[in-house]
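This report describes the arrangement of secondary structure and side-chain contacts in one model. The sequence and structure are shown below.

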Amino acid sequence: MPEHFVVVGAGTMGAGIAYVAGLAGYRVTVCEVDSERATAALDSIRGWAQTAEERGKSEPGTAARVQADISTVSDISLAPRDASVFVEAVPEQPDLKRRVLDAAQERSPQLLASNTSSISITELASGLDAPDRFVGLHFFNPVYAMPLLEIVVGEHTSDHTRNEALAVADRLGKQPIVVRDAPGFATSRLGNALGLEAIRMVESGVADAADIDKAMSLGYRHPMGPLELTDVVGLDVRLAIARTLQEAYGDRFSPPQLLVDMVEQGKLGKKTGEGFYRWQGGQKAT
């Protein structure tokens with residue numbers, strides 16, 4: 001029998017994690033209370049799998065196998081017990097994540113993880129019965145294309161759990177880094193510092209978004225400029241991380257008013273069709 005991999009949350013990240021787990025041969029269950037979002041996630045997975053097969057990036061029959069191995073349930077209590085891996089990928093709200101993790105531990109997973117990009121793993125583990133079996137598995141969007149997996153070790157994470165996380169990364173075909181638990185870890189802390197400064201430059205009229213992004217793409221060989229990346233990640237996600245980092249490190253991570261205003265206006269980037277750029281069909285409009 002294939003090992004089970006459970007993902008809570010069927011947003012962009014949850015769907016991506018489920019897809020790569022399916023590719024790696026796990027039997028995958030996605031927990032999502034919103035039936036429309038669950039259906040959309042399965043549609044996305046189907047599209048990614050079929051495209052990969054059509055382009056010769058996966059063996060014939062892989063798309064059908066992956067689709068057959070991924071299912072959804074509406075409640076964590078319906079997820080399989082004793083899963084090999086259990087990852088929460090819900091929005092960056094500490095209370096919500098704690099509720100999800102509390103329910104998840106009742107299913108007795110071998111490895112319990114959070115996909116959080118900024119919230120303390122040690123704090124999230126504080127209410128768990130077995131904090132030594134809890135770790136951060138921070139994936140990057142799009143999950144199927146981004147090779148990095150940031151493994152975040154909390155104060156109570158055991159060496160055994162760390163090694164299990166490294167083994168999961170290897171099975172998923174990811175290149176891991178291991179970081180000590182600190183607000184923003186390594187990637188979000190560095191990425192937000194650059195992204196927030198780029199937003200301040202737009203706000204103060206230094207240059208427009210396209211030219212700021214071009215400066216980093218051409219001058220520093222970044223594959224994507226910080227403002228386009230903000231659109232892809234989501235302005236709401238960027239704002240939530242900024243506020244977490246501001247609380248930990250002070251006003252150097254204070255979110256620019258422009259970012260706050262755009263989130264309030266519903267301009268969240270790629271997922272809403274407008275952010276620092278306009279988007280159509282998942283592509284940046286020209």
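## Aromatic pairs

Five aromatic pairs are counted, where rings of Phe, Tyr and Trp (its six-membered ring) pair if their centres lie within 6.5 Å. One of them joins Tyr19 and Trp48, with 5.6 Å centre to centre and 50° between the planes, a tilted arrangement; planes under 30 degrees apart count as stacked, over 60 as edge-to-face and the rest as tilted. Because Tyr19 belongs to helix α1 (residues 12-23) and Trp48 to helix α2 (residues 35-54), the pair ties together parts that are 29 residues apart in sequence. Helices (H or I, at least four residues) and strands (E, at least two) are DSSP runs, numbered from the N terminus.

## Basis of the model

The model is predicted, and local features need pLDDT of at least 70, side-chain atom pairs count only at pLDDT 80 or more, while totals for chains, interfaces and linings use all residues. Residues are numbered from 1 along each chain as its sequence is written, and side-chain values use heavy atoms, with hydrogens and water left out.

## The sheet

Eight strands make up an open sheet of mixed pairing, in the order β3-β2-β1-β4-β5-β6-β7-β8; two strands pair if DSSP finds at least two bridges between them. The edges are β3 (70-73) and β8 (175-180), each with a single partner strand, so one side of each has no neighbour in the sheet. On average, neighbouring strands are turned by 25° against each other, direction ignored.

Strands β4 (residues 85-88) and β5 (residues 111-114) run parallel and are joined by four bridges. Glu88 has Ser114 in β5 as its bridge partner. Helix α4 (residues 94-105) lies across β1 (4-8), β4, β5 and β6 (134-138), at about 170° to β5. Contact means heavy atoms within 4.5 Å; axes are lines fitted to C-alpha atoms, for helices over the stretch in contact, and angles run from 0 to 180 degrees between N-to-C directions.

## Packing of helix α7

Helix α7 (residues 187-203) packs against helix α8 (residues 209-219) at about 140°, with the axes 9 Å apart. The two are therefore oblique (under 35 degrees counts as roughly parallel, over 145 as roughly antiparallel, 65 to 115 as roughly perpendicular and the rest as oblique). Leu194, Ala198, Met201 and Val202 of α7 meet Ala209, Ile212 and Met216 of α8.

With helix α10 (residues 235-249), α7 packs at about 105°, the axes being 10 Å apart. This makes α7 roughly perpendicular to α10. Residues in this contact include Arg189 and Leu196 of α7 and Arg238 and Tyr249 of α10.
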